[in-house]
Amino acid sequence: MLGLRDLGSEMLESILDRAESLLPVVRDGAASPVPERRAMIGLLFLENSTRTRCSFEVAASRLGHQPVVLTGRGSSLDKGESLVDTAANLAAMGLDVLVIRSAIAGGAALVARNIGIPVVNAGDGRHEHPTQALLDASTLRARLGSLAGKRVLIVGDILNSRVARSNIHALTAMGATVVLVGPPPLLPWTFAEFGPGVEVTHDLDGVLESADAVMMLRIQLERDAGRAVASDYRFAFGLTVDRLTRLGPGVPILHPGPMNRGVEIDDAVSADIARSSILEQVTRGVAIRMAIIDRALESGAG
Ligand code: CP
């Protein structure tokens with residue numbers, strides 16, 4: 001699972017269905033099927049993470065497998081060891097699957113070409129974040145039913161967002177139109193090249209009322225995006241209470257986290273329990289990662 005670019009709707013729906021069947025394990029602590037063998041799931045996280053890393057750890061544990069975590073700080077990467085050498089050494093310890101988060105776009109694919117175990121991309125630079133987009137699609141499908149014909153606004157720092165890229169692939173494959181909204185420096189018109197299922201605009205207020213769902217993104221300060229935005233960002237692109245009232249009834253609000261409250265999303269919006277799906281995304285993320293670990297183990301055995 002390196003990215004969603006080449007996954008068709010049938011495969012995407014089948015992953016979402018599998019995750020849906022695992023949701024009671026996450027929500028209610030229902031017993032998950034006992035594995036024939038306890039697998040070792042390596043988690044190599046070379047960028048900060050709260051949700052994705054813990055979610056993979058919980059998912060592996062819920063499935064009866066053993067997570068093994070290595071973060072950049074304190075590892076021999078600090079001594080100059082390469083990403084591929086690090087991954088190869090972990091694989092040589094007998095891991096069954098390696099989950100990787102790295103700042104290098106294409107980092108997970110590079111590792112996958114060089115080690116003999118299945119690799120899962122947990123976010124590679126600005127490129128893709130496939131399990132995030134799968135959990136987003138799962139949340140949207142639960143709220144909206146079929147995504148065919150639905151309009152999903154993705155608002156914010158599109159330029160630097162691997163979440164936006166993976167969502168474009170997944171949501172358009174499932175028949176939705178993705179409307180990308182952001183300030184010019186963070187939303188080049190070249191994103192329209194993604195195809196007919198993608199629209200691009202700098203005018204949030206002009207598209208709010210057409211939305212079936214709204215996904216807010218934070219400004220990626222770690223990728224220097226802060227220099228590209230004005231201090232009045234919230235007035236043009238923040239999801240304020242006033243904007244919330246202009247959305248249709250039942251339009252869900254998503255955010256991959258971490259939120260910058262008072263910048264891209266107001267406190268009262270994230271706390272709106274009728275609309276905010278933000279913690280539901282996190283719950284579904286565990287089920288998605290359980291499904292992805294299962295799938296990776298099957299592909300490794302095959
Ligand atoms: N959504 C997401 O990737 O969050 P983390 O960076 O905390 O993993």
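How many residues apart are Tyr 233 and Phe 237 in helix H8 (residues 233-237)?

Tutor: This is a predicted model, in which local features need pLDDT of at least 70 and side-chain atom pairs count only at pLDDT 80 or more, while totals for chains, interfaces and linings use all residues. Residues are numbered from 1 along each chain as its sequence is written, and side-chain values use heavy atoms, with hydrogens and water left out.

Tyr 233 and Phe 237 are four residues apart in helix H8 (residues 233-237), so about one helical turn separates them. Helices (H or I, at least four residues) and strands (E, at least two) are DSSP runs, numbered from the N terminus. The rings of Tyr 233 and Phe 237 form an aromatic pair, with 5.5 Å from centre to centre and 35° between the planes, and the pair is tilted. For Phe, Tyr and Trp (its six-membered ring), a pair needs ring centres within 6.5 Å; planes under 30 degrees apart are stacked, over 60 edge-to-face, and the rest tilted. The count by this rule is one aromatic pair.

Both partners are buried: Tyr 233 has a relative accessible area of 6%, and Phe 237 has 7%. Buried means under 20% relative accessible area, exposed over 50%, and partly exposed in between (1.4 Å probe, protein chains only). Another ring takes part in a further arrangement, for the charged end of Arg 234 sits over the ring of Phe 235, 5.5 Å from its centre. That description requires NZ of Lys or CZ of Arg within 6 Å of the ring centre and within 35 degrees of the ring normal.

We may now turn to the wider setting. The chain is divided into domain 1 (9-129 + 282-301) and domain 2 (130-280), with bounds from an automatic or database domain assignment. The centres of the two domains, taken over C-alpha atoms, are 25 Å apart. Their contact (heavy atoms within 4.5 Å) takes 29 residues from domain 1 and 29 residues from domain 2. Between them, domain 1 and domain 2 bury about 2500 Å², of which 52% is on carbon and sulfur atoms; buried area is the accessible area (1.4 Å probe) that two parts lose on being put together, summed over both. On the side of domain 1, Arg 126, His 129 and Arg 284 lose the most area to domain 2, together 30% of what that side buries.

A nonpolar core is a set of buried Ala, Val, Leu, Ile, Met, Phe, Trp, Tyr and Cys residues joined through side-chain atoms within 4.5 Å. The largest such core has 59 residues, and Ile 41, Val 99, Leu 134 and Leu 180 have the most contacts inside it. Helix H11 (residues 278-301) supplies nine residues, the largest share of this core. Because domain 1 and domain 2 both give residues to this core, it lies between them. Apart from neighbours within four places in sequence, Ile 41 is in contact with several residues, including Val 99, Ile 293 and Leu 297. A second, separate core of 23 residues includes Leu 186, Leu 204, Ile 265 and Ile 278.

Pro 258 is placed in the loop between strand E9 (253-254) and helix H10 (267-270).
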